[in-house]
Protein chains: 2
Amino acid sequence: MLIRLAKLCLISGVSGVFWSGSPRERMFRVMSRFLSNATNRIDAKGRVSVPSAFRSVLAQHNVQELYCFQDFVFPAISVGGPDLLERFERQIAAEDPFSPDANEMSLLIHGGGVFMKLDAEGRLMVTDFIRGFTGISDEVTFVGRADHFQLWQPQAFVAAQAQARGERKLAGKRS
Amino acid sequence: MLIRLAKLCLISGVSGVFWSGSPRERMFRVMSRFLSNATNRIDAKGRVSVPSAFRSVLAQHNVQELYCFQDFVFPAISVGGPDLLERFERQIAAEDPFSPDANEMSLLIHGGGVFMKLDAEGRLMVTDFIRGFTGISDEVTFVGRADHFQLWQPQAFVAAQAQARGERKLAGKRS
DNA sequence: GTGCATCCCATTGACGCCCATATGGTCCCA
DNA sequence: TGGGACCATATGGGCGTCAATGGGATGCAC
């Protein structure tokens, strides 16, 4: 199933193309991707601050509502603007509505997705939806992924990163 | 020292491709690679001066923001201009965006990368992001790598250098 | 009422911006 | 040729601002 989904995403261009805009804007956009990672604490009320750098990227794209869904590959929640969902939906619409692929895709992006809003201080509620899927308990690692960002359980992120690095080393690839 | 560095670059196989530009500019560029190494101290606030020679290379390429990422091979932070990140992204775009390889690559260069800025005096903050990965505590060795430079824990750099020299010697005997 | 989410304000600790000092090297001129 | 002025770099530290966090108060639903 993952492979089929991967093909869907390939076509929808999740990680290839970012937001629309002129070349001039694309120049500027280089500086406004989701990048780096940071770990913040969850307070007694279950809130966590989204890193300032990520918030300013959201602001630059006038994103008010956040679309969150359970990542297809990693035990992480992926977060982006509504355009992220729209891209998925365009992809579904492009093919046979009754195909298994479209069905599974919809199951994941609609059934496994929610809209969230930040409070006035730029914090979001860490719901059971997030906790259950990621294993997050008292700390959240925010991970930039260019056109979106992800919420990870800190140790899980470190482990995934280490594994990715190890596989690159094995493959003998150089920077 | 220059001889030592020449060897190091030879061993590590620095690629021949640098920044884009005209032949005229390429002539000039020869003088503006990151070369040599230097060890500076971290002050009480966790800052360290980037060697002047490196700063002038950055200035010649109008690099304002530094892209830093955790090296794939060594326990070092690699630092370059935004073009470094773009090169990685082109590499990702060139292959199936949702292959495990591309996904891991994104996890490393986006999730494991940061943009940093120098202060007015040409210093950068040595964050936990850097310390944790390199083992740096109170001193930083800056190592030129032609189109980028690296931050090393001083002893780790000496050790890696020694090992590389040793392997080079062995290779020399065989051939 | 009781539980939960939102709004608002307070605290504090980190980082950016600015200026001061030390240190080593170069150049000029007697 | 030797001494001293001058300069660039590295380093130290004060201070204001802002992000991250904590917690009270209010509104809403069950």
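Keep in mind that the model is predicted.

Next, colour the secondary structure around DNA strand D. Strands S1 (37-41) and S2 (47-49) of chain A, along with strand S1 (37-41) of chain B, each supply at least two residues of the surface near DNA strand D. Then colour that surface by residue class: nine of its residues are charged, seven are polar and five are nonpolar.

Move to DNA strand C. From chain A, the residues around DNA strand C are Lys45(A), Asp119(A), Ala120(A), Glu121(A) and Met125(A). From chain B they are Gly46(B), Lys117(B), Asp119(B), Ala120(B), Glu121(B), Met125(B) and Thr127(B). By class, the surface near DNA strand C has six charged, four nonpolar and two polar residues.

Which residues of H7(A) are buried? Show Phe157(A), Ala160(A), Gln161(A) and Ala164(A). Look down the axis of H7(A): the buried residues fall within an arc of 100 degrees, so they line one face of the helix.

To see what covers these buried residues, display S1, strand S7 (139-144) and strand S8 (149-152) of chain A, and helix H5 (100-109) of chain B, which are among the covering elements.

Finally, turn to the face of H7(A) that points away from the buried side. The exposed residues there are Gln155(A), Ala159(A), Ala162(A), Gln163(A), Gly166(A), Lys169(A) and Leu170(A).

Terms used. Residues numbered from 1 in each chain as written. Chains lettered and ligands numbered in written order. Predicted model: local features only at pLDDT ≥ 70, side-chain atom pairs only at ≥ 80, totals over all residues. Helix = DSSP H or I, 4+ residues; strand = E, 2+ residues; numbered from the N terminus. Nonpolar A, V, L, I, M, F, W, Y, C, P; charged D, E, K, R; others polar. Buried ≥ 20, exposed ≤ 12 C-beta atoms within 10 Å, placed from the backbone. Arc of directions from axis to C-beta. Contact = placed C-beta atoms within 7 Å. Near = placed C-beta within 6 Å.
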